[in-house]
Amino acid sequence: MNGPASRTLQLGALARVEGEAAVRLRLKDGRVTAAELRIYEPPRFFEAFLVGRGHTEPPDLTARICGICPVAYQMTACQAIEAACGVAVDGPIAQLRRLLYYGEWIESQSLHIHLLHAPDFLGCADAVELARGHRRAVERGLRIKQAGNAVMELLGGRPIHPVNVRIGGFYRTVSRDELAPLADRLRRARDDALETVSWVAGFDFPEASFDGEFLALHDPGRYAVDSGAPAVLPAPGGAHPVRGFPVDEFEQHVVEEQVPYSTALQSRLDGGRHLTGSLARYALNGRWLHPTAAEAARAAGLGDPAAGEVCRNPYRSILVRAVEVVHALEEALHIIEGYRPPPRPHVDVPARESAGCAATEAPRGLLYHRYALGPDGTVTHARIVPPTAQNQAAIEEDLRRQVQARLARSHTAVGDEELAALCERAVRNHDPCISCSAHFLDLAVERE
Amino acid sequence: MDGAGPPTLAVWKFASCDGCQLTLLDCEDELLALADRVRISHFLEMSSAEAGSTESGGVQGRAALEGVGPYDLSLVEGSVTTAEDARRIRHIRGISRRLVTIGACATAGGVQALRNFADVAEFRAAVYARPEFIATLDTSTPISAHVPVDFELRGCPIDRHQLLEVITAFLAGRTPGIPSHSVCFECKIRGTTCVTVAHGTPCLGPVTHAGCGALCPAHRRGCYGCFGPVADPNLEAMVRQLARDGMSARDVVRIFRTFNAAAPEYGPVPDVAARLAPDEPR
């Protein structure tokens with residue numbers, strides 16, 4: 001199987017990611033000459049068919065980009081259209097939106113931790129196999145996930161493609177009495193989530209380091225979810241401090257390009273590779289984690305987030321996600337405690353001829369939407385930049401480095417099976433939502 | 001079901017958002033119990049157990065299907081939008097004893113069927129700088145347009161209780177108990193005030209297949225039709241009502257053209273709207 005100087009290897013679909021893509025590696029004389037993340041997901045043309053729709057429609061339509069993070073799409077679309085129409089939503093409606101978003105964070109992150117990612121560390125094919133040896137951990141994960149779904153069901157009507165979100169707020173808002181039972185459930189989930197952090201902290205983490213830039217929303221004083229402006233933490237060794245830019249300059253900094261082997265566009269940040277998502281958020285905003293989450297991070301060996309410690313090991317992203325779940329649960333509880341229903345479930349958002357954009361932190365990273373509207377609110381232009389499209393180049397670089405490092409460590413042939421397993425794990429570390437970026441992962445290795 | 005072991009379940013994905021297969025993972029209380037009763041043999045979103053083989057030679061787009069299966073029950077999510085997928089679904093049908101579609105994409109072409117009413121070359125050019133790299137069909141079609149389907153579960157997304165009912169029924173060899181009445185029945189059962197009668201809110205409930213539990217009216221908005229058409233929808237009466245509730249012909253066409261845009265029952269909508277709805281919204 002391991003050829004002399006050159007060979008071609010091909011692998012079946014990558015599992016436990018959302019959507020379908022492939023990896024192709026080219027190896028020559030023991031060196032990786034190319035690592036391509038090939039996204040085969042058939043395009044669905046959302047940006048094209050949004051044109052001609054009314055300004056109230058993008059939240060329902062763009063939710064269908066992703067079944068795993070529909071709220072991220074709904075929230076970003078709402079904010080972008082509200083920005084175009086000159087309306088800012090604040091007070092209890094904004095609080096409820098954030099609560100809904102935390103529900104998605106809790107559900108989606110605990111899905112990734114327990115069902116998609118943990119099996120890698122424990123040598124299992126899936127959560128069902130994992131449950132044979134770690135039943136309590138899987139059940140705990142399902143309970144946390146269920147708590148996140150309960151938030152989405154109460155506020156959104158259902159966890160996948162919530163129906164209750166509209167431009168300006170909600171169709172119906174909940175009463176304090178309706179929220180109260182949720183709090184008990186979230187408190188239990190918080191205790192479960194703390195146990196998950198300890199469980200995950202005991203995993204064996206391979207050495208790896210992402211050396212590009214981190215991009216996340218930055219809103220000093222809070223661990224940004226749906227507020228703030230994009231901020232960039234430079235690569236290690238870079239002399240530059242953290243830099244930022246207003247969200248309406250996003251497309252000048254994050255430039256999408258098409259690569260011939262992928263239906264997803266690839267983005268570059270000021271010409272370089274960048275990573276968005278849990279590691280980036282933790283690096284830029286760790287000091288604003290809820291104290292319970294910060295303490296859990298310290299105890300789990302992630303260092304002191306208050307001191308600005310950064311985790312660059314993609315394998316440890318599972319640990320950062322677990323900490324983020326604790327944070328989301330604490331913040332959700334805090335919102336419920338202070339909640340007073342708004343006088344009306346939504347504010348009016350009259351259409352006008354304009355354009356607006358917004359970015360929020362989907363569980364997988366920064367998500368950007370921009371819409372231009374005609375005088376009657378008809379969408380005349382739509383641009384959506386999902387996290388996975390941004391992370392593709394960084395994932396490719398990570399694949400290249402990890403395979404290169406593996407080849408360099410070995411004096412004997414490295415088999416296809418091992419390379420395949422390495423690549424699959426490397427990709428799953430980044431929790432790519434391939435459905436969002438256009439979906440299937442096969443691996444092809446060509447040795448020249 | 002025939003062999004000695006537990007029945008085998010496979011989950012397949014075509015063009016879609018992954019939401020309907022996620023519904024299976026959202027059965028938190030039942031997931032492990034279900035896994036005790038069936039062997040979840042192929043489910044890429046959840047398991048790498050049958051992620052495909054390692055082999056040398058060439059470059060391939062999809063996991064090799066050769067040699068996998070057969071499966072007692074295949075759940076299919078997503079619509080057919082590429083020539084490769086049209087071939088793949090025929091293969092999957094061949095290795096599946098029962099084939100059930102899950103969701104609006106697999107059952108009616110999904111939101112991506114909006115391309116069926118447009119020029120796909122223009123769509124491609126709007127999204128991609130180098131449209132020639134993108135291989136796609138001009139249409140998004142339901143699975144039933146390509147192969148025989150044993151049951152179609154509707155919804156964008158599907159309802160998890162209905163999904164469990166369908167899996168249980170097929171494993172037991174009986175017909176799933178999925179009601180085929182309209183959302184209006186669900187509103188009545190739930191005791192929700194009719195948003196159209198009480199507030200004049202445009203609502204597709206009368207022509208929309210039940211299954212969601214009348215979620216939208218319960219949240220004080222009109223049904224937007226995510227479960228697709230009931231059999232024989234009375235489009236004339238529906239469009240007349242929507243016009244009375246303030247919708248223009250253009251709005252009427254748009255509200256029908258969402259997540260089940262390509263459902264054949266909705267085909268006459270533009271003509272009916274042109275006859276019965278005003279040009280401008282009131």
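In the predicted model, the side chains of Asp26(B) and Lys145(A) meet in a salt bridge, with 2.4 Å from N to O. This contact belongs to a set of 5 salt bridges found across the interface of chain A and chain B. Across the interface of these two chains there are also 25 residue pairs in polar contact, both residues having pLDDT of 80 or more. On the side of chain A that touches chain B, two or more residues come from each of β1 (8-11), α1, α2 (58-63), α4, α5 (127-133), α6 (135-156), α13 (416-429) and β15 (443-447) of chain A. Of these elements, α6(A) gives the most, with 10 residues.

The extent of the interface was computed in two ways. By residue count, 82 residues of chain A are in contact with 73 residues of chain B. The size of an interface is often given as the accessible area lost when the parts come together. For chain A and chain B, the buried area is about 6,500 Å², and carbon and sulfur atoms give 58% of that area.

Aromatic side chains were examined next. Over all chains, the count comes to 12 aromatic pairs. In one of them, the ring centres of Phe46(A) and Phe49(A) lie 4.9 Å apart and the planes are at 50°, so the pair is tilted. Phe46(A) and Phe49(A) are 3 residues apart in helix α1 (residues 46-50) of chain A, and are therefore separated by about one helical turn. Both Phe46(A) and Phe49(A) are buried.

Another pair is formed by Phe121(A) and Phe205(A), whose ring centres are 5.4 Å apart; their planes are at 70°, so this pair is edge-to-face. The pair links distant parts of the chain, 84 residues apart: Phe121(A) lies in helix α4 (residues 91-121) of chain A, and Phe205(A) lies in the loop between α7 (176-201) and β6 (213-218) of chain A. Phe121(A) has 12% relative accessibility and therefore counts as buried. Phe205(A), at 10% relative accessibility, also counts as buried. Together with Trp199(A) and Phe203(A), Phe121(A) and Phe205(A) form one aromatic cluster.

Charged groups were also found over aromatic rings. In chain A, the charged end of Arg166(A) sits over the ring of Tyr171(A), at 5.3 Å from the ring centre. In chain B, the ring of Phe117(B) has the charged end of Arg257(B) over it, at 3.7 Å from the ring centre.

Definitions and conventions. Residues numbered from 1 in each chain as written. Chains lettered and ligands numbered in written order. Heavy atoms only, no water. Phe/Tyr/Trp six-rings, centres within 6.5 Å; stacked < 30°, edge-to-face > 60°. Helix = DSSP H or I, 4+ residues; strand = E, 2+ residues; numbered from the N terminus. Buried < 20%, exposed > 50% of the residue type's maximum accessible area, 1.4 Å probe, protein only. Lys NZ or Arg CZ within 6 Å of the ring centre and 35° of its normal. Contact = heavy atoms within 4.5 Å. Buried area = accessible area lost by both parts, 1.4 Å probe. Salt bridge = Lys/Arg side-chain N within 4 Å of Asp/Glu carboxyl O. Polar contact = N/O pair within 3.5 Å; in protein donor to acceptor, adjacent residues only side chain to side chain.
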